[in-house]
Amino acid sequence: MKIGRNDICPCGSGLKYKKCCMKNDSTSDVPQKEFSVDEIISFLEMGFKNINSVNSEVSNISVKQIKLLNGKTLECQFYAEAENSIDIKAEISSVMGALHGFFKDDSFKNIRLDYYAVRAYDKSDIEIMYAISSKESAALIGNGKAIDWMKSTIFQENTEDYRLAIAKRQISDIENALRKVIIDRLSSKHGPDWFKLSLGKKLFENIKGTYENQFGEEIENGNVLIEYTFILQLKKIIFTNWKDFSDLFANKIEFENFIGELNEIRREEAHNRDVSVIHLDRLKIIYEFMLLGITDKYPGIIPTYLIDNWKIQLKEIMLPKPDLPYSDPEVLNETNQQLKLTKSVTNLQGLINHIKDKEEKIKSVVVPVQKKKTHDELLTILLNYRILHEELLESGKTGVLSIVENKQKEIDEYRKKLHEFSERYVFEES
């Protein structure tokens, strides 16, 4: 009788046939090739660099380096031809698909992969995009489901258009938040003529003149004129009325310094010049400083789509359950104690990988500033939950049942924290 690759091996090991005796079975459809890791990588690299000779419709891949990470992830670094984000992702898709096509049948003894990683570099040797996919996700490319592959893949970008888009959004969020807070506080204090009464005469005339030059008419409506202010003008308004805003910002000197730095980045963004990685790193710090106090007092001030997007992404990441090799009944009802241990360890390692995958995906999500605390708490809980399972795996190697049982009790107790967080998260977000 023909044995399927995913059937339980008839030797009694409890493992799947492809992970066990298939490599020694002469009747197997997939020959096990006796190559070293270095030989396999060299062969793959040569194939990528000459892929056009096999398929004239596909360009050769300019490989920088291919290497094995942590024994379970193969990483391919290459030089991208494209410069914009979408086209680079298309190139990464081709590389990822080629990697999976090479390794999908598990035909190499020395490499058993769980993930593929791809790093794209520009011609200046600067990394511009990173992507990591599970083998299951990468298989979607070959099945014509590239969109599904993109949804299930973690991307980290450093392209010019991506950095500029991030800068534009964050600067816009800061400016609009400051304008809304200024309107709310100064109009409440001074009434309909708040704009004229709370600004110095020179600043008031400058802003009014900006509007008049653009539209050819003169107005004094502060709710309209505030939209024609620049960052440094917003700073002056807040500084002139600091007592009305001091509860929103941690420190007046820091506020002034950050506004000056923000204005410099704003000039680059406004002229569509390259926004560097250093700019983005500083902008993230400025963004959190400016908006942390504001969003605490004005929860709805940041566009709701940012929070909704964050919720949707967390839901997509957290809901899927681990696809473990053996079901609970298969483990619990196993009468052979050695097989039961093998199945338990296999499932445990699968669960650890599942938690790791969730951690990495959650780290890649863009977090609205007012949700940073909740986001960081979730990451901490997952990290500790994974560590406990890794400790359980190690305790099993001692062979002492009491140590294993104590560690399992710790996990059961910690699972309550996960449940408490879930209940609080659902309550708060609803």
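Colleague: Across which strands does helix α1 lie, and at what angle to β1 does α1 run?

Modeller: Axes are lines fitted to C-alpha atoms, for helices over the stretch in contact (heavy atoms within 4.5 Å), and angles run from 0 to 180 degrees between N-to-C directions. Helices (H or I, at least four residues) and strands (E, at least two) are DSSP runs, numbered from the N terminus. Here, helix α1 (residues 37-49) lies across β1 and β2 and runs at about 150 degrees to β1. The model is predicted: local features need pLDDT of at least 70, side-chain atom pairs count only at pLDDT 80 or more, and totals for chains, interfaces and linings use all residues. Residues are numbered from 1 along each chain as its sequence is written, and side-chain values use heavy atoms, with hydrogens and water left out.

Colleague: In what order do the 5 strands form the open sheet?

Modeller: Two strands pair if DSSP finds at least two bridges between them. The order is β1-β2-β3-β4-β5, with mixed pairing. At the edges are β1 (63-69) and β5 (154-157), each of which pairs on one side only. Strands β2 (residues 73-79) and β3 (residues 115-121) run parallel and are joined by 7 bridges. In β3, alanine 120 is the bridge partner of phenylalanine 78.

Colleague: Is valine 95 buried or exposed?

Modeller: Buried means under 20% relative accessible area, exposed over 50%, and partly exposed in between (1.4 Å probe, protein chains only). Valine 95, in helix α2 (residues 85-103), has a relative accessible area of 1% and is therefore buried. Leaving aside neighbours within four places in sequence, valine 95 contacts Phe48, Ile61, Cys76, Phe78 and Val118.
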